[in-house]
Amino acid sequence: MNKKYADLILTAAKTSKVSAFHLASRIKQEVGPFLSHSSISRNSRRV
């Protein structure tokens with residue numbers, strides 16, 4: 001599977017009927033300063 005994190009968040013939001021903004025903000029809250037722009041822009045290859 002070669003999807004971007006944004007695609008995975010949108011799919012999860014649709015599946016769980018929760019706002020994608022809410023999911024993204026929770027991810028940011030959990031990961032905090034360890035999340036860099038380069039880690040967001042890469043594709044998720046392990047999913």
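## Packing of α1 and α2

The axes of α1 and helix α2 (residues 20-31) approach to within 8 Å and cross at roughly 120 degrees, where axes are lines fitted to C-alpha atoms, for helices over the stretch in contact, and angles run from 0 to 180 degrees between N-to-C directions. That angle makes α1 oblique to α2, since angles under 35 degrees count as roughly parallel, over 145 as roughly antiparallel, 65 to 115 as roughly perpendicular and the rest as oblique. The crossing of α1 and α2 is right-handed; a crossing has this hand if the near helix is turned clockwise from the far one by less than a right angle, and is left-handed if anticlockwise. On the α1 side the contact is made by Ile9, Leu10, Ala12, Ala13 and Ser16, and on the α2 side by Ala20, Leu23, Ala24 and Ile27, with contact meaning heavy atoms within 4.5 Å.

The model is predicted: local features need pLDDT of at least 70 and side-chain atom pairs count only at pLDDT 80 or more, whereas totals for chains, interfaces and linings use all residues. Residues are numbered from 1 along each chain as its sequence is written, and side-chain values use heavy atoms, with hydrogens and water left out.

## The chain as a whole

The protein chain has three helices and two strands, and from the N terminus on its elements run β-α-α-α-β. Helices (H or I, at least four residues) and strands (E, at least two) are DSSP runs, numbered from the N terminus. Of the 47 residues of the protein chain, 6% count as buried, a class that means under 20% relative accessible area, with exposed meaning over 50% and partly exposed lying in between (1.4 Å probe, protein chains only). The accessible surface of the chain comes to about 4,200 Å², of which 61% belongs to carbon and sulfur atoms; such areas come from the Shrake-Rupley method with a 1.4 Å probe, and for residues only the protein chains shown count as cover.

## Helix α1 and the residue after it

Helix α1 (residues 5-16) has twelve residues and reaches 16 Å from its first C-alpha to its last, close to the 16 Å expected at 1.5 Å a residue, the expected span being 1.5 Å times one less than the number of residues. Just after α1 comes Lys17, with a positive phi of about 60 degrees, although Lys17 is not a glycine. Most residues other than glycine have a negative phi. Lys17 is found in the loop between α1 and α2 and is exposed, with a relative accessible area of 77%.

## Residues at the helix pair

Which residues does Ala13 touch, not counting residues up to four places away in sequence? Ala13, found in helix α1, touches Val18, Ser19, Ala20 and Leu23 on that count, and Ala13 is buried because its relative accessible area is 8%. Ile9, also in helix α1, is in contact with Ala20, Leu23, Ala24 and Ile27, again leaving aside neighbours within four places in sequence. From the side of helix α2, where Ala20 is found, Ala20 touches Ile9, Leu10 and Ala13 with that exclusion applied, and at 21% relative accessibility Ala20 counts as partly exposed. Tyr5, found in helix α1, likewise counts as partly exposed, at 39% relative accessibility.

The table lists C-alpha to C-alpha distances for residue pairs discussed here.

| Residue pair | Apart in sequence | C-alpha separation |
|---|---|---|
| Ala20 and Ile9 | eleven residues | 6.2 Å |
| Ile9 and Ser19 | ten residues | 9.4 Å |
| Ala13 and Ala24 | eleven residues | 9.5 Å |
| Tyr5 and Ala24 | 19 residues | 9.7 Å |
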